[in-house]
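Work through the exercises below with the sequence and the 3D view at hand. Each task is followed by a solution in steps.

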Amino acid sequence: MKKRSFLTSLASLASLALTHSAWAAKALMRRVRPLDAAWPAPQAWDQLRTAVGGRLIKLELPFAACDSAPACAAAFSALKDPYYIRDEPALTQSMGWAGAWTSSPSAYALACAGTQDVVAAVNFARLHKLRLVVKGGGHSYQGTSNAPDSLLVWTRQMDAVTMHEAFVGHGCKQAPVAAVTVGAGAIWMHTYNAVTSKGGRYVQGGGCATVGVAGLIQSGGFGSFSKQYGLAAASLLEAEVVTADGQVRIANACTNPELFWALKGGGGGSLGIVTKVTLRTHELPEFFGVVRTRIKASSGDAYRRLIAKAMAFYAGSLHNCHWGEQMAFNAENVLGVSMVFQGLDKQQATAIWQPFFDSIAQTPQDYSYEAAPTVLALPSRKLWDPVFLKSLPGVVKADARPGAPLENVFWSANEGEAGQFLQGFQSAWMPASLLEIGQQQRLADSLFKASRAWEFSLHFNKGLAGAPPEALRAAADTATNPLVLGAFALAICAAEENGVHPQVAGRAPDLAAARRAADAIGKAMDALRAIIPEIGSYVSESDYFEKNWQRSFWGPNYPRLLAAKRKYDPDGLFFVHHGVGSEAWSADGFTRLA
């Protein structure tokens, strides 16, 4: 062998050995727990506490030790208030998921007052090999804001909302646009109130008012009016992010563009900790409105026809940028309609729906109203105005704690989600091809079959088919599964139990009922998936037990996301269940797999 070849071979072997050693080290990496010898000493925690101005908090579950029935009843009653949960770092908006996870407090929480506190937490976790989690709004069905034996980065106090008449991203030479900068701890109710009620503009965000802004943006994000304004993530102009090396980075189309792209739908908690986001704002339509009714069919055959009638009506009259929200289907043969609209007035919306209502009236032997049709329209600046909303009976509930801010209101319909324990949850995007005339009966038959197993809803605003071209183009430039572009709705089927927690005596969830519900949900969704050529699901509203999650959540975008993960977090400091790169770790995120 020639000397040059021999030396080249040695170099190659050495390189392979080093690579193997590096991966072997990662394969053996374990994050530490409180009982491990490597867990930070009390002095280390004290040093961190001093460095962050005393904002390090030791956590315990607020109701774990309630010692009487009245005390436990009061503790669990408090869980009906999502603002109470938001303000309690030991809690998450869901209490867990049967067979999946339980809401358990971190060992410590750092109540971050600003970006440098986040930097301190990231550096401390990296130095001491700690499991790190982030809570902004705390709304995660997958439990991503929850991990026992971890350090929690709690961004609740970082909730400033600042309007911009002319924003230009860092390092960019683009034309200035109207925008809003929102801190990582802000929620959508407060943001809408600032942007719309007070500012006279619209920002695309979430429908549930107490969801965190930063988390929704990172998951892709759908709101009631996504058929007009597109994905919430597509409105992102710039983000401030603390990456795994403790650096504060600006991510936009001109600076760190791959990180910017990945944050637009790549899932929260995987690539870094977002400390604030700047979002494009839009002109307001004159009105927002709602159409509600519940129609009861007299028989299964009549219900099947009602479903077909509803789908034909949706395809012909509602499949456009004006309409959002949902229709619900169940085994009691009831069609529940809770739709919203924008860009129309009450007279126009009523005229659109009247032919459908007339067709129901023509066969009184088949159909009756459990709730008569209601069409309402209101000036757009009123939709998130807390004073106005409180004047409408039954629309919102207020944070009842003494001294709670006036703007702490939430939709009454979302009360059951606060403190829920999930029994099962599945979703799937429904392709718009099923709305074609030749496919509508097949769609109706599938929806009817699914309704025999379990109640479910079609969320029309969570599929972008029918949206304007500019909204589709912007959504295509996000990490969200491209299947959303051709989907007319997201089908969601779920079950939950309230007032329970696995770690509280006498409050254990009914696991047998959970198994029955999960089986029924599976049967309902199987009936829908049978007519879907390619299965995809929304990362924030999906099955915890999804097997092909990379493809389901992100489709062909996953390899690009994984490349961004390896660039900005090569050692896997950030971990969430079914997050980008999580396949390299054990299910609890504590042990790197070989």
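**Exercise 1.** Which residues are linked in a network of salt bridges?

Solution. The model is predicted, so local features need pLDDT of at least 70 and side-chain atom pairs count only at pLDDT 80 or more, while totals for chains, interfaces and linings use all residues. Residues are numbered from 1 along each chain as its sequence is written, and side-chain values use heavy atoms, without hydrogens and water.

Step 1: apply the criterion, a side-chain nitrogen of Lys or Arg within 4 Å of a carboxyl oxygen of Asp or Glu.
Step 2: list the network, which consists of Asp-81, Arg-86, Asp-87, Arg-156, Asp-159, Asp-399 and Arg-401.

**Exercise 2.** Describe the salt bridge between Asp-159 and Arg-86.

Solution. Step 1: the closest N and O atoms are 3.9 Å apart.
Step 1: Asp-159 sits in the loop between β6 and β7, Arg-86 in helix α4, 73 residues apart. Helices (H or I, at least four residues) and strands (E, at least two) are DSSP runs, numbered from the N terminus.
Step 2: Arg-86 is buried at 3% relative accessibility, whereas Asp-159 is partly exposed at 32%. Buried means under 20% relative accessible area, exposed over 50%, and partly exposed in between (1.4 Å probe, protein chains only).
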